[in-house]
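Let's take a friendly walk through this structure together. We will begin with a single residue and then step back to see the whole protein.

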Amino acid sequence: MWAVLPLLCAGAWLLGPTACGAADLAVSSLEMFHFKSWMVQHRKTYSSEEYHHRLQAFVSNWRKINAHNAGNHTFKMGLNQFSDMSFAELKRKYLWSEPQNCSATKGNYLRGTGPYPPSMDWRKKGNFVSPVKNQGSCGSCWTFSTTGALESAVAIGTGRLPSLDGDCKFQPSKAIAFVKDVANITMNDEEAMVEAVALYNPVSFAFEVIDDFLMYKKGVYSSTSCHKTPDKVNHAVLAVGYGEENGIPYWIVKNSWGPQWGMKGYFLMERGKNMCGLAACASYPIPLV
């Protein structure tokens, strides 16, 4: 994935109709108020036909958020820029539609024996992590994940943090960083990921996004519904650190959905359980500096 960053741009997004036979939700005045407030906040305008569709999607998400937050979970959900979309729509626009078969990448990272620091955050070590970017409608999360790792690798090696373009279109004439080698972490060796982040560099990894992740707001994300196999991963992100909260070990992860999503563009994810397949496909670059 480092030699040639895949151009995973999604095709045109088609607005899907409501599920066949599904009855419309009865919308309360409070829900209508929150929808209109959300529209103003996110500067949304719709045609009369699309308005009804978006209202229904918003109310469905609003109810899921409230039901989740009323339960006993390690993370909270909240409204964000995706709140007028169904999961099926968001998958078509932002996530991979085909299996990436990233397990084909042979591990070449040799792990030591530790011990490792109890916590790590490359954002606090210096100017080693670039600002959160927004992949937009281009399904190129691998591009943003890998360029983020390379930006950090160059900054750690040279003391200068470059800003690499995560656009879907690669322009060789504008290249400002080059990869000498790639450390591919052995599949499912999450402890090796800890060592790599602790000692060397932020690590790019992939995992399976399911519907409850979209409205993540804060806390340690954990799921019993996602898969842990490499053929199910559909999104790539960047681990910039790790720690522990209320006895739950977690990863500090940089996403590519803009700074308004989650915790200023970041999220915490439970560590040590190969959560949603996060340890199936992890690597970091060794730059030519």
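Asp 84 counts as buried because its relative accessibility is 3%, while the cut-off for burial is under 20%. Keep in mind as you look that this is a predicted model. To find Asp 84, go to the loop that runs between strand 1 (75–77) and helix 3 (87–94).

What surrounds Asp 84, once its neighbours within four places in sequence are left aside? Its contacts are Trp 38, Lys 44, Tyr 46, Arg 54, Ala 57, Phe 58, Asn 61 and Glu 89. With Tyr 46 there is also a polar contact, made side chain to side chain at 2.6 Å. Lys 44 sits 40 residues away from Asp 84 along the chain, yet their C-alpha atoms are separated by 9.7 Å.

Now turn to helix 2, which covers residues 48–70. Its 23 residues reach 33 Å from the first C-alpha to the last, close to the 33 Å expected at 1.5 Å a residue.

Finally, step back to the whole protein. It has six helices and nine strands, and buried residues make up 50% of its 289 residues. Of the contacts with a separation of 6 or more, 76% are between residues 24 or more positions apart. The accessible surface comes to about 14400 Å², with 54% of it belonging to carbon and sulfur atoms.

Key
Residues are numbered from 1 along each chain as its sequence is written. This is a predicted model: local features need pLDDT of at least 70, side-chain atom pairs count only at pLDDT 80 or more; totals for chains, interfaces and linings use all residues. Side-chain values use heavy atoms; hydrogens and water are left out. Helices (H or I, at least four residues) and strands (E, at least two) are DSSP runs, numbered from the N terminus. Buried means under 20% relative accessible area, exposed over 50%, partly exposed in between (1.4 Å probe, protein chains only). Contact means heavy atoms within 4.5 Å. A polar contact is a pair of N or O atoms within 3.5 Å; within protein, one must be able to donate a hydrogen and the other to accept it, and residues adjacent in sequence count only if both atoms are side-chain atoms. The expected span of a helix is 1.5 Å times one less than its number of residues. Accessible areas come from the Shrake-Rupley method with a 1.4 Å probe; for residues, only the protein chains shown count as cover.
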